[in-house]
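Please read it with the sequence and the coordinates at hand.

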Amino acid sequence: MSSLSSVEMGSTKQSVASVKWARRREVAREVLQNPLTVIGLVIILLFLLMAIFAPLLTEANQPDPYQSPRDWANIDSPPGVAGHVLGTDSQGGDLLYGVIWGSRLSLQLSLTVVISTLVIGTIIGSLAAMRGGRLDNFLMRVVDVFLSIPELIFALAIAAVLGPSFRNIILALVAVFWVKYARIIRGEIIRVKQAEYVAAARVVGDSTWNIYRKDVLPNAVTPLIVQATLDMGNVVLIGATLSFIGLAQAGLTEWGALVSAGQSGLLAGHWWVSTFAGLAIVLWALAFNLVGDGLRDVLDPKTEGR
Amino acid sequence: MQVRDYLIRRLALLPLIMLGVSVIVFTLTRFTGSPVGIYATPNMTPDELAALEQRYLLDQPIPAQYAAWLGGLLRGDLGWSGVSVAPVTDVIGSRIAATLELALAAGIIAVLAGIALGTIAGVKRNKGPDHAARFFSILGASTPTFWFGLLLLVPFYLWLDWFPLGRSTPDIYSSLAHYTGMYSLDALLNGNLVAFGDALRHLVLPAVVLGFGAMAIIVRMMRSSMVEAMSEEYVDAARAKGLPERLVIKRHARRNALVPTTTVIGLSFGFLLQGSVAVELIFRWPGLGQWVTSAILAGDQATIMAYVLITAFIFMMVNLAVDIAYAYLDRRVVLGG
């Protein structure tokens, strides 16, 4: 008897899993129907390859690969001159090298910030929604306070206090970006908690933790996926702005810092440094925005973008 | 809930949130060793510094320090701005109008362009114009304002010399009576068209750069509200009446789609404020953003912290105004909760 029911349970589990996978395949097919999304995915893939194979594309500068090698004989070289495909800046730094190794910094920045804020925001938002009452009220007022300072300005103040370095830019962005996730997941959980299957699980006598883990969270994460995708681009945009203003260490191969390095040359007619470095930022942000926008259309029927 | 009750609730929360912001800013100032630098003016003797420490209770426990700092804040004492060599409060007064003028001009551009593009996209849903409008708005959201600004400087400032840097031509500016501190508005109030032209020539480029990024949010919202409005019964009814399609869109669909779109205008104003930091830096626009960037490079904490406080305050006020407008525009919305 007991063995029979466990077999039955197993097959239901299996069919639930296969339904899940079928749904995922369906979402993937729908997402890939949008040509703009596909373009975004291709750009992201190229950036990933660039970041992973950076040491093969250009030999790493010693001792710090995140400082461009200096070719003092060829400063301010236009693209194509003396083996510098994208030209050099006023310090003789090779721009192609900067763009390639900058992709690693962008990947590091966006992954660190998005993953850690996703975790922090989910924990805080879940606590607020599952516990409710005073804790919820308190946490949401904290969220209100954080949201009342524009992101970039908040991050700018934190990074300025911590001192100019790339690591501090990452810290500042983590301190600012968790808030949105906390608010989104709280709203979603409160919505999901009203569903019948959650009430059913409660009647059966599942523990709150089990209900949260099995029934609530999996049904509440969809908007987080969309937001996280968009933020992969936003984080790099804001991070680049901070290092453009001067909050990263000098000479870093970070794209915003490279635009800043080319700024003085720009008015002297050396257009290539700022232009190419900025183009890398635009392509990165554009790719994630296109994919995030496409995902939102498929996953969130409310916006009805199709 | 009545509109009035909702507004009272919003207004009651406002000081609470502002207090929260002040706690954050205060915490940040304690990261940097002795915060006496916030109040210190150049060439102070050690005795004078010690007097300052006593005055702001810096030798006392943290809660007492916070109380003293907050007390100063409420009296308008935000410390001494090293980069401007003046009290912070005075500098804010002289720079805030420049930033607001830029943000408002950019906001007007973003709202007008956003509504136009969003309307087209919503009407021509899933057709060429929709894809184009969508791509254009995503591009706006993906382009760093500082980079876009630099790109426009090369042709329009360097090559063509159409638009000058800064905010005004000094002799023209000094010939005006200043009522609002917003140069373009003051020129109009003076009835001085030459000065108004001068103001516009300085304002156009930074406002376009700033507005381009803020436009994306408005296009997106306007498009989806338009799509929704076009499927409503009143649109069918208007068509059945024999109204030309152009008027159906303009008088019925667009007018209704504008209501939900107002909600994101507050959001996009936050974008305008933060974008103004880089734009003011590039175009040498003498507002709060330019002030804070120079403060960052000089390590001037008093200025940075005052900047955070003032932008949070402006942002909250704009959002409040937008919420009030929305509440009156759409009585059907369920408020609060």
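1. Helix 11 of chain A has 12 residues, which at 1.5 Å a residue should span 16 Å, and the 16 Å that separates its end C-alpha atoms agrees with that expectation. This, like everything that follows, is read from a predicted model.

2. Within helix 11 of chain A, the residues Trp255(A), Gly256(A), Ala257(A), Leu258(A), Val259(A), Ser260(A), Ala261(A) and Gly262(A) are buried.

3. The contact between the chains deserves a point of its own, and it draws on 39 residues from chain A and 38 residues from chain B. On the side of chain A that touches chain B, the elements giving two or more residues are helix 5 (133-147), helix 6 (151-162), helix 10 (222-245), helix 11 (255-266) and helix 12 (272-299) of chain A. Helix 12 of chain A supplies the largest share of that side, namely nine residues. Sorted by class, the side of chain A that touches chain B holds 25 nonpolar, nine polar and five charged residues.

4. Which residues of helix 12 of chain B are buried? They are Leu288(B), Gly289(B), Gln290(B), Trp291(B), Val292(B), Thr293(B), Ala295(B) and Ile296(B), so that this helix, residues 288-298, is mostly covered, with eight of its 11 residues buried. The cover over these buried residues includes helix 6 and helix 10 of chain A, together with helix 4 (88-123), helix 11 (245-282) and helix 13 (301-329) of chain B. Gly299(B), which follows helix 12 of chain B, has a positive phi, near 65°.

5. Two of the elements that cover helix 12 of chain B, helix 11 and helix 13 of chain B, also meet each other, their axes coming within 9 Å and crossing at roughly 175°. That crossing makes helix 11 of chain B roughly antiparallel to helix 13 of chain B, because angles over 145 degrees are counted that way. From helix 11 of chain B, the residues Val259(B), Thr262(B), Thr263(B), Ile265(B), Gly266(B), Phe269(B), Gly270(B) and Leu273(B) take part, and they meet Thr311(B), Ile314(B), Phe315(B), Val318(B), Asn319(B), Val322(B), Ala325(B), Tyr326(B) and Leu329(B) of helix 13 of chain B. By class, this contact has 11 nonpolar, six polar and no charged residues. As background to the spacing of such lists, an α-helix has 3.6 residues a turn, so residues three or four places apart point the same way.

6. Back in chain A, is Ile100(A) buried or exposed? Ile100(A) counts as buried because 20 C-beta neighbours lie inside 10 Å, and the cut-off for a buried residue is 20 or more. Ile100(A) belongs to helix 4 of chain A, residues 95-131, and, leaving aside residues up to four places away in sequence, touches Met50(A), Ala54(A), Leu57(A) and Thr58(A). The C-alpha atoms of Ile100(A) and Thr253(A) are separated by 8.5 Å, although the two residues are 153 residues apart along the chain.

7. For chain A as a whole, the secondary structure comes to 12 helices and zero strands, and its C-alpha atoms fill a box of roughly 85 × 40 × 40 Å along the principal axes. Of the 306 residues in chain A, 45% are buried. Among the contacts in chain A with a separation of 6 or more, 67% join residues 24 or more positions apart.

Key: Residues numbered from 1 in each chain as written. Chains lettered and ligands numbered in written order. Predicted model: local features only at pLDDT ≥ 70, side-chain atom pairs only at ≥ 80, totals over all residues. Contact = placed C-beta atoms within 7 Å. Helix = DSSP H or I, 4+ residues; strand = E, 2+ residues; numbered from the N terminus. Nonpolar A, V, L, I, M, F, W, Y, C, P; charged D, E, K, R; others polar. Buried ≥ 20, exposed ≤ 12 C-beta atoms within 10 Å, placed from the backbone. Axes fitted to C-alpha atoms, helices over the stretch in contact; angles between N-to-C directions. Parallel < 35°, antiparallel > 145°, perpendicular 65-115°, else oblique. Expected span 1.5 Å × (residues − 1).
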